[in-house]
Amino acid sequence: MYQSVLQFWFEVLTPAQWWQKNKALDDEIRRRFGDVHRRACLGECFEWRTRATGRLAEIIVLDQFSRHIYRDQPAAFAADGMALVLAQEAISAGAERELTRQQRVFLYMPMMHSESLKVHDVALALFEKNEVADNLAFERRHRDIIARFGRYPHRNAILGRESTAEEMAFLQQPGSGF
């Protein structure tokens, strides 16, 4: 089953689609993988973790598919902690050595989504080592936001968090969101 996640993400979608907000794509992911996502959130995809690619597929479901299935809703971020722990465990187990450079980007992505500066410091080193320049630049931007605010201000409204005046000013700047 995890192969269908990887096939869809890396072969059906184009890299440009990974980063676009697209309601039709969100609907397709919800339709095709909504049940898989529910099972992954319950920890029921643990069998996938016997292979590096299976671990990656579970992380993509929890990290990326969550953002598509629940766009602009608090549930978009609800599985972030689980995705982060799975990514950290996969890296500790050496699973990244079995993945392509592009696959490693998505293994590291839960770290980029974290609101922990300590996690971002590790992520920065991993993205530097992976040598995908665009992703390294994005990780630096993400880390800078966490270093400045301790969280992602663009999530505040979705998560019902009160924004500070400094965060609101930041959000008015071009390119402040993702």
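Author: Happy to; what follows takes a few labels in turn, for a model that is predicted.

Reader: Why is phenylalanine 149 called buried?

Author: Its relative accessibility is 14%, and buried means under 20%, so phenylalanine 149 counts as buried. Phenylalanine 170, at 9%, counts as buried by that cut-off too.

Reader: Why is the pair of phenylalanine 149 and phenylalanine 170 called tilted?

Author: The ring centres lie 5.1 Å apart, and rings pair if their centres lie within 6.5 Å. The planes stand at 55°; stacked needs under 30 degrees and edge-to-face over 60, so the rest, tilted, is what remains. This pair joins helix α8, which holds phenylalanine 149, to helix α10, which holds phenylalanine 170, 21 residues apart.

Reader: How do you know that the span of α4 is close to the expected one?

Author: From first C-alpha to last, α4 reaches 24 Å, against 26 Å expected at 1.5 Å a residue. There is also a bend of about 30° at isoleucine 60.

Reader: What is isoleucine 60 in contact with, leaving aside its neighbours within four places in sequence?

Author: Its partners are Val5, Leu6, Trp9, Phe10, Phe65 and Phe106.

Definitions and conventions: Residues numbered from 1 in each chain as written. Predicted model: local features only at pLDDT ≥ 70, side-chain atom pairs only at ≥ 80, totals over all residues. Heavy atoms only, no water. Contact = heavy atoms within 4.5 Å. Helix = DSSP H or I, 4+ residues; strand = E, 2+ residues; numbered from the N terminus. Expected span 1.5 Å × (residues − 1). Bend = angle between axes of the 7 residues up to and from the residue. Phe/Tyr/Trp six-rings, centres within 6.5 Å; stacked < 30°, edge-to-face > 60°. Buried < 20%, exposed > 50% of the residue type's maximum accessible area, 1.4 Å probe, protein only.
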